[in-house]
Amino acid sequence: MAPDGGAVRDSKRCPTVPRLVVERGNEKGLSLSLDKPGADVLVGRLKTCALVLTDGLASRQHFCITHENDRFIITDLRSHNGTFVNGTRIQDPTDLPLGATIRAGETLFSFRSDSHREEGALSGTKIGGYHLQARIGAGGMGEVYRAVQITLGRQVALKILSPELTEDRSFVERFLREARAAGRFNHPNVIHVHEVGEEKGTYYYSMEYVEGGSVQDLIAKGRSLDPLRATRIVLQAAQALEYADKVGIVHCDIKPDNLMLTSGGDVRLSDLGIAKTLNAKGKAEQSDGVFGSPHYMAPEQARGLPMDHRSDLYSLGVTYYRILLGKLPFTGKDAKEIMEKQVFDEPEPPRRINSHLAPMIYTILGKLLKKRPAERYQNAAALIKDLQSVISQIQAGVKAPSRLGTGHFKRRPSSFWGF
């Protein structure tokens, strides 16, 4: 632990000391050494926590980890949105094994030893014809390794289901469903899946290796992108969604975290873990519950109603708003409040935040963020055409007149929401 009890980014440690590492979120890259037996390590938004989060969905004191003898125990501290270990919300103090993933709000952690901090516990091993080289990421269901497909000498990303989850068939089915959904895509702006398999109880699938990180990495800590780059990213994501509509899949979780970048800056849509297939009526039902990221989900998704490709377009609109303007349309103390705002409230007008953008940008954002699907773009093709016009305006140096929006928005009665 750092001298002030806080988190550190890089330090040489004893290889047996467990660490809590932020894998995804505003604090990505921070880590905390749990090297004091008997100590309670607090994580949350309070400045007095050992690891301080700026995640709006995390509670002031979200969870704590206690080191007792050779055991580590994690306890949820009555957080608004819960603490999830390996995908399951914990209710009571729970043993925390090495290799576990923890989610608090929209921040994802891994719990591992210093010796496996960078390279990963499986680095150097072989699984299903793949030689694992180094761990490059983690998710709620497992880890991702850079690997070489031995027969072809091809570098790939290998996603491996966490061993703790293989005992639950529902997680196995979800993992395989994600791989199969991704496998249905054959588009340059979607991560390409090569193979799905299982070896001695270890489930995995290999996919295209993308080395440029995510769009979220570019905008962490409130950063924004220049209009041309932001628009080109959204254009490529829209092209991926146009193809998704053709194959009958709703992604359900469009956000900067799931837009990966090649070294050349090309976009690859990733993570189809909660994607849904359209039924005969052209709808994706949410009969198994509401899943997704509250900050980015469409109003109908937040209400648990049937979705379609226009729901993904709304989420892409939130993404465009965030990466272009440096802030989210809606924030709140917990997921419920944010989801309510997605249904009832209007975002701050983009022109009020930045009045010097290409005029077409305001039109696009206004249309993408309509509450009613019928008032949004009805297909990605129409959006693509307008985004191409934006790029032409930016390149021609066209900017909107300097004037502030004066819109005033009222909130509908909460009875409509039904909480």
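**Note on the predicted model**

1. Where pLDDT is low, predicted coordinates should not be read in detail.

2. Now the overall confidence. The average pLDDT of the protein is 87. A score of at least 70 is reached by 90% of the residues. Among the elements, helix α5 (residues 309–325) has the highest mean pLDDT, 98. Helix α1 (residues 169–183) has the lowest, 85.

3. On secondary structure and overall form: the protein has 21 strands and nine helices. Its radius of gyration is 22 Å, close to the 22 Å from the globule rule for 419 residues, so the protein is as compact as a globular protein of that length. The C-alpha trace spans about 65 × 50 × 40 Å along its principal axes.

4. Next, packing. Of the 419 residues, 53% are buried. Take the contacts between residues at least 6 apart in sequence: 58% of them join residues at least 24 apart.

5. Last, surface and charge. The accessible surface comes to about 18800 Å². Carbon and sulfur atoms account for 49% of that surface. The protein carries 57 positive and 48 negative charges.

Definitions and conventions. Residues are numbered from 1 along each chain as its sequence is written. This is a predicted model: local features need pLDDT of at least 70, side-chain atom pairs count only at pLDDT 80 or more; totals for chains, interfaces and linings use all residues. Side-chain values use heavy atoms; hydrogens and water are left out. Helices (H or I, at least four residues) and strands (E, at least two) are DSSP runs, numbered from the N terminus. The radius of gyration is taken over C-alpha atoms; the globule rule is 2.2 Å times the number of residues to the power 0.38. Buried means under 20% relative accessible area, exposed over 50%, partly exposed in between (1.4 Å probe, protein chains only). Contact means heavy atoms within 4.5 Å. Accessible areas come from the Shrake-Rupley method with a 1.4 Å probe; for residues, only the protein chains shown count as cover. Lys and Arg count as positive and Asp and Glu as negative; His and the chain ends are not counted. The place of a charge is taken as NZ of Lys, CZ of Arg, CG of Asp or CD of Glu. pLDDT is the predictor's confidence in each residue, from 0 to 100.
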